[in-house]
Amino acid sequence: MPTIQSIAGQLEPHPDVALVERVRGGDDAAYDTLVRKYERQLFRIAQHITQNREDAEDVMQDAFLKAYEKLDQFQGNSKFYTWLVRIAVNESLMRLRKRRTGKMVPIDEDIETDEGSVPRDLADWAPNPEQNYNQAELAEILRKTIQGLPPGFRIVFVLRDVEGLSTEETAETLGLSIPAVKSRLLRARLQLRERLSRYFHKEKGVGK
Amino acid sequence: MTCKEFLALLDDLIDNTATADMRSELQTHLGRCGHCEVVFNTTRKTIEIYRSHEIYDLPTGLRERLHDAIMARCKKGC
């Protein structure tokens, strides 16, 4: 989980700012440190958006190269990590569009759902339900479940809840309004919860 | 507060962004509605599970290969 503190209004600048300054001064080893620090997160985001391993590898590589190239455009008033994520999200969406031969990715599509309605599956979960599955099984369940979400919901959930971006940062990264991010996040969380219930249900979950 | 109203504010409770008054109303509803309590607890658990489990791992070999490629191209000035 990224634990970057906000730079604005703080006396101590974030350590990333010092690393960026060193890279600007020609110290490539400092960029190496930034790559290692955020490669895992960028790969994960790219994989969640493109849902294709090859594309995710390319996106990760291209995003770091583009960030290096555009480092002069990075303003210290935003977090380096958020700036990097924005580049990776754009690269991922471009890759998706290419793969879908020009068809727009419905990231800003307004999907009609029963917002505000009471969820159907109200059965409680077993205590620590994830322990009923081994690591590989659990990862498969989590992948399958999140892949079933509409892309616009999935990306918001990943940025907010998995990668730890704020609502404002998520909105800015995706070019969405804050109410749109909030609405998508709630729907994403509820849909994931409902879908996971079939695996983690008190009776069904036990003994797999 | 109805279940529908509770659900619309669920994220404020989860993300701790509810005002003190709102929070107290939400807690009161939770205390008397078993269904919403299940939704609240399992939604929180859903987030926790996704946060704490790596579902797209970057294998070391691939990591090194990509890393070398990035650094080689950066050194060449991209």
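Leaving aside neighbours within four places in sequence, which residues is L84(A) in contact with? In this predicted model, the partners of L84(A) are Y38(A), L42(A), A63(A) and A67(A).

L84(A) also turns up in the largest nonpolar core, which has 56 residues. Along with L42(A), A46(A), A63(A) and A88(A), L84(A) touches the most other members there. Domain 1 and domain 2 of chain A each give this core at least three residues. Another core lies apart from it, with seven residues, including L7(B) and F40(B).

Now for the two domains of chain A. Domain 1 covers residues 15-99 and domain 2 covers 107-205, and their centres, taken over C-alpha atoms, are 25 Å apart. Where they meet, 10 residues of domain 1 are in contact with 10 residues of domain 2. On the domain 1 side, α2(A) and α4(A) are the elements that give two or more residues, and α4(A) has the largest share, with five residues.

Then there's the meeting of the chains: 39 residues from chain A and 32 residues from chain B take part. Helices α2, α3, α5, α6 and α8 of chain A each supply at least two residues to the chain A side.

| Side | Nonpolar | Polar | Charged |
|---|---|---|---|
| Domain 1 of chain A, touching domain 2 of chain A | five residues | four residues | one residue |

Finally, take a look at α8(A), residues 178-200, which reaches 32 Å from its first C-alpha to its last. Of its 23 residues, 17 are buried, so α8(A) is largely enclosed by the rest of the structure.

How values were computed:
Residues numbered from 1 in each chain as written. Chains lettered and ligands numbered in written order. Predicted model: local features only at pLDDT ≥ 70, side-chain atom pairs only at ≥ 80, totals over all residues. Helix = DSSP H or I, 4+ residues; strand = E, 2+ residues; numbered from the N terminus. Expected span 1.5 Å × (residues − 1). Buried ≥ 20, exposed ≤ 12 C-beta atoms within 10 Å, placed from the backbone. Contact = placed C-beta atoms within 7 Å. Core = buried A, V, L, I, M, F, W, Y, C linked by C-beta atoms within 7 Å. Domains from an automatic or database assignment. Nonpolar A, V, L, I, M, F, W, Y, C, P; charged D, E, K, R; others polar.
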